[in-house]
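Open the model in your viewer and keep the sequence panel beside it. The tour moves by selection, and each stop says what to pick and what is there.

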Amino acid sequence: MSQPVINIGMVGHVDHGKTTLVSALSGVWTDTHSEELKRGISIRLGYADCTFYKCKNCDEPECYSSGKKCAACGSEDMEELRTVSFVDSPGHETLMATMLSGAAIMDGAVLVIAANETCPQPQTKEHLMALDIIGIKNVVIAQNKIDIVSREDAIKHYNQIKEFVKGTVAENAPIVPISAQQNINIDVLIKTIEEKIPTPKHDLDKPGIMQVARSFDVNRPGTPPQKLNGGVLGGTLSQGTFKIKDDIEIRPGRKVEFEGKTTWEPISTTVTRLVYGGDVVEEATPGGLLAAGTKLDPAMTKSDALAGQVAGKPGFLPPVWHKFVMKTQLLERVVGVSDESAIKPIATSEPLMLTIGTSTTIGVVSSARKGEAEVKLKRPVCAEVGSRIAISRRIGARWRLIGVGVLTS
Ligand SMILES: Nc1nc2c(ncn2[C@@H]2O[C@H](COP(=O)(O)OP(=O)(O)OP(=O)(O)O)[C@@H](O)[C@H]2O)c(=O)[nH]1
């Protein structure tokens, strides 16, 4: 498999078929954690790589495939288009923070909407809003489960989607009716993804910087790269390259408590292995999802302990912030709930959940003015000035997305 060049998110309401679709495309089932299997829902971000091909011998929509054989004419004379990493987000309302940190590494997204439920369902709305806030403009809509609705109901549902996306970032997004489970129209979906979600351009000359979205110990079941040892970082390079034997640092790093004082110390280590999909590579470039083996003790990386951190060439990482000022823009109404109440202004002393890159932290507002807030963070973040921030507020028992911020100072 070639190196993946783009991360595409699977987003949408719980049970609408995101994991089934990733599996139909890639042949890999991303729900591999025992708790996920028990509860039947995705809890963490799932990942799978998949190569797209186009048949050289026919020119029908069917000539797109994620296998090496054309489904239309049977030819094995296929042109390789690109390898895509899918980031499968959880659709449950309690897992919005996980979805948001996944969205930080998505270059485009497939919004999965099940045809057997009225549109929009709460997290269909909330996830689309999140894409908008994070700035993901290239969206394709998969109208899933068309195998269990009548043609008339599918058309009615299609029109509901059209109505729902009016005025949103997905207003002009193509809608592809599919069945992920029955493999219907997956070829058309691949063609649409190829046309509508272009590969972003990355700067390879800058020092390598990785947004860490997962971290694990190699013994976790389902971890693909058996060839790794030591603690593993999973994520994506936002710029530059990583090579084997590169020294890297990880920031904000590790929390150190000494004589009643808490500090955060960067972690230094060396890259020992780089794995894309199942392949070991010498050098990794931005775009797809990457697993980087390091010399770290696996105890430091297990259970996503380093998710949300930034890794890269020592001395070149963005600053670490313990507090910052952000410009804010709030939504008018709360989305993802039945009662869409108006959003009140941000108030001094209130806690907010802030997602910056793949990191999620709580920030207590130390001062708030219209369009601006200063926050003191419970856990520091490593981010550039100008980074976008998804802002959530606790409403009832859940954190709800209320707006977007930009880190200013
Ligand atoms: N009939 C039918 N069932 C489907 C289809 N796609 C998915 N399903 C079923 O819908 C259920 C939910 O599918 P998942 O893929 O787990 O949904 P999900 O969106 O990943 O769920 P979360 O990640 O937990 O939000 C499963 O029972 C699937 O078998 C489809 O195209 N047709």
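Which residues of the largest nonpolar core touch the most other members? They are F86, L111, A130, L131 and V139, out of 108 residues in that core. A nonpolar core here is a set of buried Ala, Val, Leu, Ile, Met, Phe, Trp, Tyr and Cys residues joined through C-beta atoms within 7 Å. A residue is buried if 20 or more other C-beta atoms lie within 10 Å of its own, exposed if 12 or fewer, and partly exposed in between, with C-beta atoms placed from the backbone. In soluble globular proteins, nonpolar side chains tend to be buried together.

Two notes before going on. This is a predicted model, in which local features need pLDDT of at least 70 and side-chain atom pairs count only at pLDDT 80 or more, while totals for chains, interfaces and linings use all residues. Residues are numbered from 1 along each chain as its sequence is written.

**Whole chain**

Colour by secondary structure. The protein chain has 7 helices and 22 strands; helices (H or I, at least four residues) and strands (E, at least two) are DSSP runs, numbered from the N terminus. Of its 409 residues, 48% are buried. Among contacts between residues at least 6 apart in sequence, 71% join residues at least 24 apart, where a contact means C-beta atoms, placed from the backbone, within 7 Å.

Two strands pair if DSSP finds at least two bridges between them.

**Strand 5 and its partners**

Select 108-114, which is strand 5. Because 7 of its 7 residues are buried, strand 5 is largely enclosed by the rest of the structure. In a regular strand the side chains alternate between the two faces of the sheet. On one side of strand 5 are G108, V110, V112 and A114, on the other A109, L111 and I113, and all are buried.

Strand 5 pairs with strand 1 in the parallel sense over 4 bridges, and M10 stands opposite V110. Strand 5 is also parallel to strand 6, to which 6 bridges join it; here A114 stands opposite N144. The chain crosses from strand 5 through helix 4 to strand 6, and this β-α-β crossover is right-handed: with the strands pointing away from the viewer, the path from the first strand over the helix to the second runs clockwise.

Now pick V139. Leaving aside neighbours within four places in sequence, V139 is in contact with G108, A109, L111, L131, V169, A170 and A173.

**Helix 4**

Select 122-134. This helix has 13 residues and reaches 18 Å from its first C-alpha to its last, close to the 18 Å expected at 1.5 Å a residue; the expected span is 1.5 Å times one less than the number of residues. Helix 4 is mostly covered, with 10 of its 13 residues buried, among them A130 and L131. The buried residues pack against several elements, including helix 3 (96-103), strand 21 (388-395) and strand 22 (398-407). After helix 4 comes G135, with a positive phi near 95°. Helix 3 is also mostly covered: 7 of its 8 residues are buried.

**Strand 2 and the cysteines**

Move to 46-55. Strand 2 is joined to strand 4 (residues 78-88) by 10 bridges, and the two run antiparallel. K54 has E79 as its bridge partner in strand 4 and Y64 as its bridge partner in strand 3.

Next, select C55, C58, C70 and C73, which an unreviewed UniProt entry lists under "binding site". UniProt positions follow the numbering used here, feature names are shortened, and annotations may be inferred rather than shown by experiment. The four are spread over 19 residues of sequence but cluster in space, with a largest C-alpha distance of 8.8 Å.

Is C70 buried or exposed? C70 is buried, with 23 other C-beta atoms within 10 Å, and lies in the loop between strand 3 and strand 4. C58 sits in the loop between strand 2 and strand 3 and counts as partly exposed, because it has 14 C-beta neighbours inside 10 Å. Leaving aside neighbours within four places in sequence, C58 is in contact with C63, C70, A72 and C73.

Note on methods:
Contact = placed C-beta atoms within 7 Å.
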